[in-house]
Amino acid sequence: MKHLVVVGGGTGGTILANRARAALADEWSITVIDPEIEHLYQPGLLFVPFGGAKELLRPRASTFAGGVRWARAEVAGLDAARKQVDLVGGLQGAHRVEGVLEAFAGHRGGAHQRWRLAVAA
């Protein structure tokens, strides 16, 4: 079994997980790690001043396609040497990653900048 772990279930993480589920074979398990019980569709905030943007919040679990697992947890760190995601509370191992953390080493995005620095160190 191969594992894809997505850190963060915001709009980008949700789209990535759902598209990966549609594109990858069943030999892949897909897990999204995010501690929040509700998903806020942030692009919709643009319409709030104009009276629009109803239903910006929805239950996190309802945003994922079938076959995408949601782990309600907070990430404590990423360990590139062990290829593992460590969760707050000392949980480890259940979210083992194969060949994914390398992508963080060159990532320049704002939201995950701290993970890039942690992995590159």
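A residue is termed buried when its relative accessible area is under 20%, exposed when that area is over 50%, and partly exposed in between, as computed with a 1.4 Å probe on protein chains only. By this criterion, 34% of the 121 residues of the protein chain count as buried. The structure is a predicted model, in which local features need pLDDT of at least 70 and side-chain atom pairs count only at pLDDT 80 or more, whereas totals for chains, interfaces and linings use all residues. Residues are numbered from 1 along each chain as its sequence is written, and side-chain values use heavy atoms, with hydrogens and water left out.

The predictor's confidence in each residue is expressed as pLDDT, from 0 to 100. The mean pLDDT of the protein chain is 75, and 72% of its residues reach 70 or more. Confidence is highest in strand S5, at 92, and lowest in helix H3 (residues 113-120), at a mean of 40. The pLDDT is below 50 over residues 93-121; beyond near neighbours in sequence, this stretch has 49 contacts in the model, a contact being heavy atoms within 4.5 Å. Of the contacts in the protein chain with a separation of 6 or more, 55% are accounted for by residues 24 or more positions apart.

Secondary structure was assigned from DSSP runs numbered from the N terminus, with helices (H or I) of at least four residues and strands (E) of at least two. The protein chain has three helices and seven strands, and its pattern along the sequence reads β-α-β-β-β-β-β-β-α-α. Two strands are taken to pair if DSSP finds at least two bridges between them. On this basis, three strands form an open sheet in the order S1-S2-S5, with parallel pairing. Strands S1 and S5 are the edge strands, each pairing on one side only. On average, neighbouring strands of this sheet are turned by 25° against each other, direction ignored. Strands S1 and S2 run parallel and are joined by six bridges; Val5 has Thr31 in S2 as its bridge partner. Helix H1 lies across S1, S2 and S5 and runs at about 170° to S2, where axes are lines fitted to C-alpha atoms, for helices over the stretch in contact, and angles run from 0 to 180 degrees between N-to-C directions.

A second pairing involves strands S6 (residues 75-79) and S7, which run antiparallel and are joined by four bridges. Leu78 stands opposite Val85 in S7. The hairpin of S6 and S7 has four residues between the strands, and Lys83 takes a positive phi near 50° in this hairpin. In a regular strand the side chains alternate between the two faces of the sheet. In S7 (residues 84-87), Gln84 and Asp86 point one way and Val85 and Leu87 the other way, and all are buried.

Salt bridges were identified as a side-chain nitrogen of Lys or Arg within 4 Å of a carboxyl oxygen of Asp or Glu; the count comes to two. In one, Glu27 pairs with Lys2, with the closest N and O atoms 3.4 Å apart. Glu27 lies in the loop between helix H1 (11-23) and strand S2 (28-33), and Lys2 in strand S1 (residues 2-7), so this pair ties together parts that are 25 residues apart in sequence. Glu27 is partly exposed, with a relative accessible area of 43%, and Lys2 is likewise partly exposed, at 38%.

The other salt bridge joins Arg60 to Asp34, the closest N and O atoms being 3.4 Å apart. Because Arg60 lies in the loop between strand S4 (57-59) and strand S5 (68-71) and Asp34 in the loop between S2 and strand S3 (38-40), the pair ties together parts that are 26 residues apart in sequence. Arg60 is buried, with a relative accessible area of 4%, as is Asp34, at 8%.

The loop between S4 and S5 also contains Thr63, which counts as buried at 12% relative accessibility. The side chain of Thr63 reaches the backbone oxygen of Arg60 at 2.7 Å. Leaving aside neighbours within four places in sequence, Thr63 is in contact with Thr14, Asn18, His39 and Arg58. Gly66 is found in the loop between S4 and S5 and counts as exposed, at 67% relative accessibility. Gly66 and Ala22 are 44 residues apart in sequence, and their C-alpha atoms are 9.5 Å apart in space.

Methods
Polar contact = N/O pair within 3.5 Å; in protein donor to acceptor, adjacent residues only side chain to side chain.
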